[in-house]
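Have the viewer open as you read.

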Amino acid sequence: MIVKERKKVINYIKKRQIASQYLKAKKHLESDRYDVVDFKQRKPRSSRIYQFRITQKYRAFGHFVEDVFIIFNISDHQD
């Protein structure tokens, strides 16, 4: 799988200092090891939004555009 991120996501990652954790999770996705990062589809399934775990605190959200997974948001799911 090819994983790309939007510019605001990159800024969020740098601001929170989670770049190394994010790159590690991204590498797992790109090598098709989805279970390691808990990659799953969000409900309702018709929205076609997926999420994966970066750390225990942060989750990344994205969707597929053709064969590319685009990450459009990262959030602190504990707020």
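## Sheet and helices

This is a predicted model, and a handy place to start is Val-3, which stands opposite Phe-69 in β5. Helix α1 (residues 7-16) packs on the sheet, where it touches β1, β4 (58-65) and β5, and its direction makes about 40° with that of β5. Helix α2 (residues 19-30) packs on the sheet as well, touching β1, β3 (50-53) and β5, with its direction at about 145° to that of β1.

As for the sheet itself, it's open, with five strands in the order β1-β5-β4-β3-β2 and mixed pairing. β1 and β5 (residues 68-76) run parallel, joined by four bridges.

## The core

The largest nonpolar core has 18 residues, and among those with the most contacts inside it are Tyr-22, Phe-52, Phe-69 and Ile-71. At least two residues of this core come from each of α1, α2, β3, β4 and β5. Leaving out residues up to four places away in sequence, Ile-71 touches Val-3, Val-9, Tyr-22, Phe-52 and Ala-60, among others.

## Aromatic rings

There are eight aromatic pairs. Tyr-12 and Tyr-58 make an edge-to-face pair because their planes sit at 80°, with ring centres 6.2 Å apart. This pair links helix α1 to strand β4, 46 residues apart. Tyr-12 is buried, at 18% relative accessible area, and Tyr-58 is buried too, at 9%. Arg-16 lies over the face of Tyr-12, 3.9 Å from the ring centre.

Conventions
Residues numbered from 1 in each chain as written. Predicted model: local features only at pLDDT ≥ 70, side-chain atom pairs only at ≥ 80, totals over all residues. Heavy atoms only, no water. Pairing = 2+ DSSP bridges. Contact = heavy atoms within 4.5 Å. Axes fitted to C-alpha atoms, helices over the stretch in contact; angles between N-to-C directions. Core = buried A, V, L, I, M, F, W, Y, C linked by side-chain atoms within 4.5 Å. Buried < 20%, exposed > 50% of the residue type's maximum accessible area, 1.4 Å probe, protein only. Phe/Tyr/Trp six-rings, centres within 6.5 Å; stacked < 30°, edge-to-face > 60°. Lys NZ or Arg CZ within 6 Å of the ring centre and 35° of its normal.
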